[in-house]
Amino acid sequence: MSAKTVHMKPIWYFVGLLLLGMGSVILLTGLYLFFFEVKSQTVFAELHPNIWWGAVMVIAGGVFFFFNRKPRA
Amino acid sequence: MQSIQLAFPDWLIIATYFIFVLGIGAYLKKYTKDESDFFLAGRRNTAWVSGLAFLSANLGALELLGMTGNTLKYGMYVAHFYWVGAIPAMVFLGIYMMPFYYSSKIKSVPGYLKLRFDEKTRVLNAIAFGVMTLLVSGINLYAMALVLRTFLGWNWDVSMWVSAATVAAYITMSGLLSAMFTEIIQFFLIWFGLFLVAVLGILEVGGVQEVFARVPTAYSALWSTSANAADNGMLVTWGGVVLGLGFVLSFGYWTTDFLVVQRAMVAKDLRAARQTPILASFFKMAVPFLVIVPGLIAYILSHDPNSGFTLLQDGGVVNYDSALPLLVARYYPIGLVGLGITALLAGFMAGQAGNVSAFNTVWTYDIYQALFKKDASSEHLMWMGRAATIAGIFISVATAYWAKSFPSIMDYMQAIFSWVNAPLFATMLLGMFVRWITPNGAFWGLLAGMGSSVALFLAVKFDWIDKSLITLSSVASDMAANFWRAWWAWLICFVVTIAVSFVTARKPEEELVGLVKGLTKEAAVAHVPIYKTPEFYAVLSMLAVIALNVYFW
């Protein structure tokens, strides 16, 4: 391994960041649709999948992000 | 059909993906200083990084759409592609072949052929691989534009050029490392983006048991319908599945296709390299949840007049590949639909990035350096790698436009792998495990195998011979012909290689040390607990795949 590649952020950091970002958008969209009672035409819209799936993504992304903040050799 | 309507949050998610992959390319550029970083990702990757990239290089969007569509056509039988048609080969690569690939410190699969045989065999394979890779990359690009136009109403030219330019930008900046990073991101996007399709589909149908209860027996079994071709949806007997798919096509792809093997070659050490395909095998086993289950759900919904679910039709012919995007549109509200589309986009783009990064390595080392500039410096090779990336992208785009004006090119896509990989597997197998195979034997065997595969394809395609001649069955689908053609190409390569080796000069044995079983000292492995060894996970993987096959017998 070359010396110049030390202290690079691990890929899991970027995975965490992306899941956190996208999950937040989906979760906030779900909450907006829920509180403002915007009707959705999709099957199972009443289960509000964007709220709980967005939350799952935020949690998963948060875990990846938190444990991989530091660059690694 | 009316296009899927995207709202602002959906666009935001798609834009985030594009910004992210470009950002990763820019971030990794400062760590890409020489040819080792650019072509080999610094050879510093853990088994997890290499393993997920290894799997994702194969998990393209075309595969997801196509396999879901195939499940609609053929039923559960499609799971053979993921289990018997993948896992044994991945385990074999990790346990038996990776030590030769990794220990010889080669930079590509054709590079192994040069060391084991000679330059002409290497160049023959490199050219075949380069052409195959760019052709597949272009057809993928065409398929992506087609999907985006059909389901989202996006402009054909814009979607092709924007995605191609994005891939060109990040691969040119940081080479294989950025390709692997984006492949891992694609892996997570595909799982998070498509997992809910299966879950909500199962909920709608009424549970897993109900899914299997509502499809015909021929659609829900793996082996119990394989004795007679007419009994299963795919019209393939167990012989075709085992010999054609399970042995030749699967081993040919997973153990010799540089696109996937490259990910294992750049692991940080031999143990990580051997673990790479074995770790990937566990995730490969799980992919049917993302494609087979939605395929079965689409089958049930499309046969239920009350469901309101109708597959697209192209000129009166059912478009089976429309199933997955239609299910995304059916279940995903605002926000989630953006995620589902991004997962498919990521699959297309990472697939193209994988093809281009494998192409630039083979072009630079196995064609350009081997034939034109043997004394090229590291800087020059890296420059050539970047130039090959851009040229590869342009050729892909040109191929995509060609495919647009000649749509039947899609029919050739499945066959391309059996032209190049099936005979190559015979060459590799003999090369690694039989010391008296000669360079001329390998070259003529490979040429005969590739030539016969193309000839058989054309002969069936244009009705010069009856399909049943190669499938050994009076009832056979195109898929069955594909499996059997791969088997015959492998066998012809195998026989010709051995026959020519009997009458041509061998390489001195001292030149084969480290390349052939029996002449290679087993590498001393630092003592590790048994549960950390590749062999341990290989056994677990094989047990799991046997259990799955028995359960769905």
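This section describes the fold of chain B, its interface with chain A, and selected local backbone features in a predicted model.

The predictor assigns the complex an ipTM of 0.91 and a pTM of 0.89. For chain B the average pLDDT is 87, and 96% of the residues score at least 70. Where pLDDT is low, the predicted coordinates should not be read in detail.

The secondary structure of chain B consists of 22 helices and 2 strands. Its radius of gyration, 23 Å, is close to the 24 Å given by the globule rule for 553 residues, so chain B is as compact as a globular protein of that length. The C-alpha trace of chain B spans about 70 × 55 × 55 Å along its principal axes. Of the 553 residues in chain B, 60% are buried. Among the contacts in chain B with a separation of 6 or more, 83% are between residues 24 or more positions apart.

The largest nonpolar core comprises 226 residues, and Ile184(B) and Trp490(B) have the most contacts inside it. The greatest contribution to this core comes from helix 8 of chain B, which supplies 25 residues. When residues up to four places away in sequence are not counted, Trp490(B) touches Val248(B), Ala422(B), Pro423(B), Phe425(B), Ala426(B) and Gly449(B).

At the interface, 27 residues of chain A are in contact with 32 residues of chain B. On the side of chain B that touches chain A, two or more residues each are given by helix 1 (8-29), helix 2 (35-40), helix 8 (156-205), helix 15 (323-331) and helix 16 (336-372) of chain B. Helix 8 of chain B gives the most to this side, with 9 residues. The composition of the side of chain B that touches chain A is 21 nonpolar, 4 polar and 7 charged residues.

Helix 13 of chain B, residues 270-286, bends by about 30 degrees at Thr276(B), and a proline, Pro277(B), follows within four residues. This helix is mostly covered, with 12 of its 17 residues buried. Both Thr276(B) and Pro277(B) belong to the buried set, which also includes Arg274(B), Gln275(B) and Lys284(B). The elements that cover the buried residues of helix 13 of chain B include helix 3 (47-56), helix 5 (87-103), helix 11 (238-256), helix 12 (258-265) and helix 22 (534-551) of chain B.

Positive phi values in residues other than glycine were also examined. Most residues other than glycine have a negative phi. In chain A, His48(A) has a phi near 50 degrees, a positive value, and lies in the loop between helix 1 (11-35) and helix 2 (49-67) of chain A. His48(A) counts as partly exposed because it has 16 C-beta neighbours inside 10 Å. In chain B, the phi of Asp463(B) is positive, near 60 degrees, and Asp463(B) is placed in the loop between helix 19 (439-461) and helix 20 (467-471) of chain B. With 8 C-beta neighbours inside 10 Å, Asp463(B) is classed as exposed.

How values were computed: Residues numbered from 1 in each chain as written. Chains lettered and ligands numbered in written order. Predicted model: local features only at pLDDT ≥ 70, side-chain atom pairs only at ≥ 80, totals over all residues. Contact = placed C-beta atoms within 7 Å. Nonpolar A, V, L, I, M, F, W, Y, C, P; charged D, E, K, R; others polar. Core = buried A, V, L, I, M, F, W, Y, C linked by C-beta atoms within 7 Å. Buried ≥ 20, exposed ≤ 12 C-beta atoms within 10 Å, placed from the backbone. Bend = angle between axes of the 7 residues up to and from the residue. Rg over C-alpha atoms; globule rule 2.2 N^0.38 Å. pLDDT = per-residue confidence, 0-100.
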